[in-house]
Amino acid sequence: MSIAIRTAKKNDIPLVLDLLYELGRPKPKKDSDLDLFRNLVKKQISDSDKTILVAEADDVNIVGMISMIVLPRLNKRGPEIYVPELVVTKKYQNQGIGTLLMKACISFGKKRNCHNIRLESGLFREEAHKFYKKLGFESTSYSFSKNFEN
Ligand SMILES: CC(C)(COP(=O)(O)OP(=O)(O)OC[C@H]1O[C@@H](n2cnc3c(N)ncnc32)[C@H](O)[C@@H]1OP(=O)(O)O)[C@@H](O)C(=O)NCCC(=O)NCCS
C-alpha cells in the first residue's frame, strides 16, 4: 500500500466530513447543517493560517485527515500549532498513517515558526493517548470546557 500525504482539496470535502463523523463529530440533521459543515471545511482549506492534510492510499482512497490552526501566543517565541482533529479510518489504523499525518503537521508548524504543537484528546481515547506518547507528546494540563447550548 502506498500512502501520500497532501493538502485537502475542495473535492475531498465529503470524505473529510465522513472522517469527522467517524471521529464522533455530529452528523447533519438537516440540509442547512450539511451546507454549514461543507462551508466550514471549505473555509479551513482556503485560510492561510489553517489547513487540512489528508492521507491518500494507493492514489484513490482518503483514509485519514489532520486539521491544524496556527495560533498566535503572547510572550512566546512564535505561534503554536493547534490540532483540533486527527483521524484515520478504522480499517487503516495502526499501520503508520497517523504518524505520517502528525509528522507532516509538525513540518508545517516548523515552517511557520511555531514553537510547539498542542491538542486535546478525550479521556476515553486511550489508544490515541498511547499514540501521542509514542510520538513524544507529554500530557501537561487539564482541559476545561463549558457548553453554551444547554
Ligand atoms: C489515534 C490515531 C489517529 C492514530 O493513527 P494510526 O494510524 O492508527 O497510528 P499509527 O499506526 O501511526 O501508530 C500506531 C500507534 O498508535 C497507537 N494506536 C493507535 N490506534 C491503535 C489501534 N487501533 N490499535 C492499537 N494501537 C493503536 C499504538 O500506540 C500504536 O503503537 P504500537 O504499534 O507500537 O502499539 C487513529 O488510531 C485514530 O484515528 N483513532 C480513532 C480516532 C482518534 O482517537 N483520534 C484522535 C483524537 S484526539
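Student: Where is Glu80 placed?
Tutor: Glu80 sits in strand β4, which covers residues 80-88. Strands here are DSSP runs of E with at least two residues, helices are runs of H or I with at least four residues, and both are numbered from the N terminus. This is a predicted model, so local features need pLDDT of at least 70 and side-chain atom pairs count only at pLDDT 80 or more, while totals for chains, interfaces and linings use all residues. Residues are numbered from 1 along each chain as its sequence is written, and side-chain values use heavy atoms, with hydrogens and water left out.

Student: Is Glu80 buried or exposed?
Tutor: Glu80 counts as buried because its relative accessibility is 2%. Buried means under 20% relative accessible area, exposed means over 50%, and partly exposed lies in between (1.4 Å probe, protein chains only).

Student: Which side chain makes a polar contact with Glu80 at 2.8 Å?
Tutor: That is the side chain of Arg73. The side chain of Asn116 also makes a polar contact with the side chain of Glu80, at 3.5 Å. A polar contact is a pair of N or O atoms within 3.5 Å; within protein, one must be able to donate a hydrogen and the other to accept it, and residues adjacent in sequence count only if both atoms are side-chain atoms.

Student: And what else is Glu80 in contact with, leaving aside neighbours within four places in sequence?
Tutor: The list comprises Ile69, Val70, Leu71, Arg73, Cys114, His115, Asn116 and Arg118. Contact means heavy atoms within 4.5 Å.

Student: Changing topic: which loop holds Asn75?
Tutor: Asn75 is in the loop between β3 (61-71) and β4. Its phi is positive, about 40 degrees, although Asn75 is not a glycine. Asn75 counts as exposed because its relative accessibility is 79%.

Student: What about the phi of Asn94?
Tutor: Asn94 has a positive phi too, of about 65 degrees, and is likewise not a glycine. Its loop runs between β4 and α3 (97-111). With a relative accessibility of 84%, Asn94 counts as exposed.

Student: Where is Phe124 found, then?
Tutor: Phe124 is in the loop between β5 (116-119) and α4 (126-134). At 63% relative accessibility, Phe124 counts as exposed.

Student: How far apart in space are Asn150 and Met1?
Tutor: Their C-alpha atoms are 45 Å apart, and the two residues are 149 apart in sequence. Asn150 lies in the segment after α4.

Student: Now the whole protein. How many helices and strands are there?
Tutor: The protein has four helices and five strands. Their order from the N terminus is β-α-α-β-β-β-α-β-α.

Student: What share of the residues is buried?
Tutor: Buried residues make up 34% of the 150.
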